[in-house]
Protein chains: 2
Amino acid sequence: MSASALIAVLKGLLDQRGLLTEPADLEPYGHDWRGLFSGRPLCVALPRTVEEVSAVVLACSAAGHAVVPHGGNTGLSGGATPDDSGRQVVLSLSRMAAIRKIDVYGETMEVEAGCILQTAQEAAQAQGLLLPITLAAEGSARIGGILSTNAGGSNVLRYGMARSRVLGLEVVTADGAIVRGLRHLRKDNAGYDWKQWFIGSEGTLGIVTCAVLQLAPMPRHRVTAMLAVPDADAALKVLRAARQAIGDTLNAFELMSGAALELVSRHQQLRLPLAHSPWFVLIEAGSSLPGLRDAAEALLAEVLERGEASDGVVAESERQEAELWALRESITEAESKQGRSVKHDVSVPIPEIPAFLAAADEAVGRAFPGTRINAFGHVGDGNIHYNLIVPDGADGSALNAVVHDLVMVHGGSISAEHGVGQYRVGELLRCKASPEIVLANRVKRALDPAGLFNPGKVLPAL
Amino acid sequence: MSASALIAVLKGLLDQRGLLTEPADLEPYGHDWRGLFSGRPLCVALPRTVEEVSAVVLACSAAGHAVVPHGGNTGLSGGATPDDSGRQVVLSLSRMAAIRKIDVYGETMEVEAGCILQTAQEAAQAQGLLLPITLAAEGSARIGGILSTNAGGSNVLRYGMARSRVLGLEVVTADGAIVRGLRHLRKDNAGYDWKQWFIGSEGTLGIVTCAVLQLAPMPRHRVTAMLAVPDADAALKVLRAARQAIGDTLNAFELMSGAALELVSRHQQLRLPLAHSPWFVLIEAGSSLPGLRDAAEALLAEVLERGEASDGVVAESERQEAELWALRESITEAESKQGRSVKHDVSVPIPEIPAFLAAADEAVGRAFPGTRINAFGHVGDGNIHYNLIVPDGADGSALNAVVHDLVMVHGGSISAEHGVGQYRVGELLRCKASPEIVLANRVKRALDPAGLFNPGKVLPAL
């Protein structure tokens with residue numbers, strides 16, 4: 001089938017607003033939001049129902065055109081950007097955005113793939129419940145993309161990755177079948193848990209159209225604190241003390257280098273509440289019980305006393321809480337104002353963090369003089385955004401290799417939360433042992449034998 | 001290859017204690033612990049290393065003999081019992097039982113498949129950490145079986161199913177490949193999360209040999225209470241009140257019928273701390289914060305005041321806590337003393353519980369007069385053990401069909417936590433929609449094309 005014949009078929013399947021073909025309309029779907037990845041879609045299909053998704057998939061399959069699923073386009077690895085063949089059909093879930101049901105007794109939400117994360121968060125909150133997935137892009141990211149990439153964020157420490165929230169899923173597979181599993185069940189061992197195969201597979205095995213998410217009780221008491229610590233070792237000691245004292249209440253335990261906050265104060269005009277220090281940690285805890293603040297203040301006194309922290313502040317108001325979080329959340333933007341950066345989204349076992357940082361600083365400094373290191377991250381999860389601000393002309397791939405080799409030495413992952421997309425396919429093949437790649441290819445071939453879905457993402461195109 | 005040739009090959013691969021072939025030695029592996037399922041193994045292989053597991057798998061594959069993985073043999077669905085062909089090789093992981101590492105900073109444990117759950121729990125506790133998987137069989141169940149069946153238990157409400165504890169996995173696949181993924185990482189999105197494919201697939205896709213588990217902080221304050229409630233609706237209102245008041249501290253919220261506790265008091269000589277009531281709930285909560293007991297007592301007063309509970313008791317000592325839990329944990333044994341029972345391990349969405357119970361009671365009473373209903377379970381998870389004590393000669397399959405049909409009507413699962421094994425294959429095929437079965441078979445064929453692993457479990461033999 002020719003491309004124009006496919007377009008005619010798709011037009012027949014969808015309503016008037018269901019297919020974009022004009023260059024101006026296609027433009028936003030041809031690149032990621034940072035402009036690092038670009039391609040050329042044949043057209044953009046915007047189905048409104050799972051049946052329409054199935055029909056689009058079948059039409060593309062029959063015509064031999066690949067399908068690139070598209071959510072909020074907030075990914076950092078180019079997973080939603082088509083290639084430049086001009087043949088790939090972008091399938092946007094943005095018109096399937098309903099929140100179908102919130103069950104207050106079961107603490108569940110049934111939500112379509114195109115719903116924006118923040119919309120879903122607010123709907124849960126209106127019922128006194130928490131949808132505990134929090135990340136910088138929550139105002140644009142859509143549920144389908146959140147689940148397809150198994151998104152992380154800053155409260156994984158307490159609530160787990162996006163995967164752990166999923167009770168039920170509906171997907172369209174490469175043969176056009178609609179697999180319906182929108183169950184509101186916390187326990188379900190009736191057969192293979194196939195929804196796990198699609199979560200985190202970045203749209204390469206099927207299209208997520210709807211999900212049932214497990215909500216959580218809303219903690220009524222919250223405390224947020226920032227501490228200055230002399231080094232990464234001390235940060236780990238503070239983490240251990242916090243886990244022992246108030247471990248089950250910890251929402252987030254973030255690490256920021258002094259250099260990162262220096263960029264924030266320079267470029268974002270934000271004031272630091274503490275004097276300069278090589279490292280800082282930001283701690284948030286929440287509980288249904290009122291003793292949280294006392295326990296947190298006792299913890300702070302204890303780590304100051306032992307010299308694990310040199311200074312600290314506990315937010316006294318919601319405004320102060322927001323100011324502390326603004327420092328953490330402005331790092332990426334400040335980094336982009338400083339210059340070109342090469343980003344790494346790595347994780348290592350928590351006790352390896354200090355050794356990894358020392359080894360990486362040393363290796364980068366030696367091989368790439370003039371590079372400025374901007375390290376921060378979710379240290380309670382072992383997840384470091386080890387970003388490098390580099391001189392013009394620096395070889396990003398060579399930098400990646402240096403950092404990722406050390407990640408492997410320390411037993412880590414080259415993508416903690418941002419996924420592989422098209423950005424890390426080469427590094428994944430380089431860093432993963434062959435049996436893991438063999439296994440992945442086997443399931444890709446079983447579920448998508450023709451390579452219909454998102455070819456070249458996560459794995460090389462079939 | 002003949003069976004005797006395979007035995008000779010296996011003898012050569014394993015040490016002196018590594019292969020059982022004598023009928024008396026094989027006997028315990030030929031049936032499940034309840035004696036409901038039985039078969040005849042050709043032999044039992046007891047490898048000590050993952051390399052030996054791989055060699056056994058390759059030898060069996062070459063000889064065309066199926067492999068039945070075997071852990072603590074505590075399953076309730078016959079998943080570890082071979083068929084009666086006399087050809088299947090039981091592969092016991094019991095000699096791979098080491099706890100290799102506990103990382104206190106990262107709160108992780110690396111443990112081999114044959115380690116008994118309670119041994120792993122105690123090792124975590126010795127480091128001040130909690131391995132939050134709790135179930136009746138914990139003194140015999142082994143980690144490999146716990147993960148292969150995605151075990152549940154009584155603290156799923158807080159900590160999730162066994163799946164949610166797994167950070168890393170090592171498996172042997174049907175081609176004998178050793179897939180090594182023993183990563184101590186809370187965040188890892190580098191490629192497909194293949195460990196999810198093996199967790200809960202009951203040994204039909206690969207052999208779990210070792211795992212990295214995520215531990216949790218040990219809550220230092222605990223409160224346990226038992227309440228009498230007039231009906232299942234009231235139990236749900238108490239659940240909702242508890243979730244709102246102390247939701248993030250709730251470890252367990254169990255429901256027991258008055259009839260179930262009557263059996264316990266009759267057969268187990270245990271005293272009830274409350275007067276008779278149609279239903280009871282058992283609540284356990286834990287926190288690092290000291291205000292827990294006050295909050296729990298306020299909750300109790302609130303639900304009594306509103307008439308959602310008619311009576312209640314809060315345990316005043318560890319002994320009283322144990323006595324309350326003994327009531328819950330003795331139900332199964334009391335049931336077996338009362339007579340023959342037909343068990344159901346079902347889940348429904350939490351708000352559906354009262355309607356499901358009413359409909360099932362009515363349908364069972366009508367179709368099978370003389371049946372005694374023994375309902376209890378993890379109601380905070382929607383998981384009801386809807387067991388029926390039946391007259392001799394009652395048709396178990398017909399009872400299953402009546403109960404499971406109602407489970408489907410109410411949007412539930414025919415196996416919440418016990419899995420499919422060989423027991424529920426027929427019911428699974430009857431109750432699941434075809435696209436789910438197609439998908440499951442596709443992945444089974446991709447990972448185990450010759451049907452080497454545990455044929456006839458979860459799915460019909462290939």
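Predicted model: local features only at pLDDT ≥ 70, side-chain atom pairs only at ≥ 80, totals over all residues.
Trainee: How do chain A and chain B superpose?

Mentor: Take a rotation of 180° with 0.0 Å of shift along its axis. That puts chain A on chain B with an RMSD of 0.0 Å. The two copies are thus related as by a two-fold rotation axis.

Trainee: And which surface serves both copies?

Mentor: The same one. Of the contact residues of chain A, 100% recur in chain B.

Trainee: How many residues does the contact take from each chain?

Mentor: It takes 91 residues from chain A and 91 residues from chain B.

Trainee: What area do they bury between them?

Mentor: Chain A and chain B bury about 7,200 Å². Carbon and sulfur atoms hold 57% of it.

Trainee: Which residues in chain A lose the most area to chain B?

Mentor: K187(A), N189(A) and Y192(A). Together they make up 14% of what that side buries.

Trainee: Now salt bridges. How many are there across the interface?

Mentor: The rule finds 16 between chain A and chain B. Over all chains, the structure holds 68.

Trainee: Which residue forms a salt bridge with D193(A)?

Mentor: R163(B) does. The closest N and O atoms of that pair are 3.5 Å apart.

Trainee: Let's go inside one chain. Where do E262(A) and R266(A) lie?

Mentor: Both are in helix α9 of chain A, residues 258-267. They are 4 residues apart, about one turn of the helix.

Trainee: What is the relative accessible area of E262(A)?

Mentor: It is 34%, so E262(A) is partly exposed. R266(A) is partly exposed too, with a relative accessible area of 41%.

Trainee: Switch to chain B. Which residue forms a salt bridge with R95(B)?

Mentor: D15(B). The closest N and O atoms are 2.7 Å apart.

Trainee: What about R222(B), which residue does it form a salt bridge with?

Mentor: E321(B), with the closest N and O atoms 2.7 Å apart. That pair links distant parts of the chain, 99 residues apart. R222(B) is in strand β12 (residues 221-229) of chain B. E321(B) is in helix α11 (residues 318-329) of chain B.

Trainee: Is E321(B) buried or exposed?

Mentor: Buried, at 10% relative accessibility. The cut-off for buried is under 20%. R222(B) has a relative accessible area of 43%, so R222(B) is partly exposed.

Trainee: Which residues of chain A do salt bridges join into one network?

Mentor: D15(A), R48(A), E52(A) and R95(A). The salt bridges there share partners.

Trainee: Last topic, the surface. Which residues form a nonpolar patch with M1(A)?

Mentor: V9(A) and L13(A). The three have about 240 Å² of accessible area together.

Trainee: Where is the place of M1(A) in chain A?

Mentor: In the segment before α1 (3-13). M1(A) counts as exposed, at 52% relative accessibility. The cut-off for exposed is over 50%.

Methods: Residues numbered from 1 in each chain as written. Chains lettered and ligands numbered in written order. Heavy atoms only, no water. Least-squares fit on C-alpha atoms with pLDDT ≥ 70 in both. Contact = heavy atoms within 4.5 Å. Patch = residues over 30% accessible without salt bridge, like charges linked within 9 Å, V, L, I, M, F, W, Y side chains within 5 Å. Areas by Shrake-Rupley, 256 points an atom, 1.4 Å probe, with all protein chains shown as cover. Salt bridge = Lys/Arg side-chain N within 4 Å of Asp/Glu carboxyl O. Helix = DSSP H or I, 4+ residues; strand = E, 2+ residues; numbered from the N terminus. Buried < 20%, exposed > 50% of the residue type's maximum accessible area, 1.4 Å probe, protein only. Buried area = accessible area lost by both parts, 1.4 Å probe.
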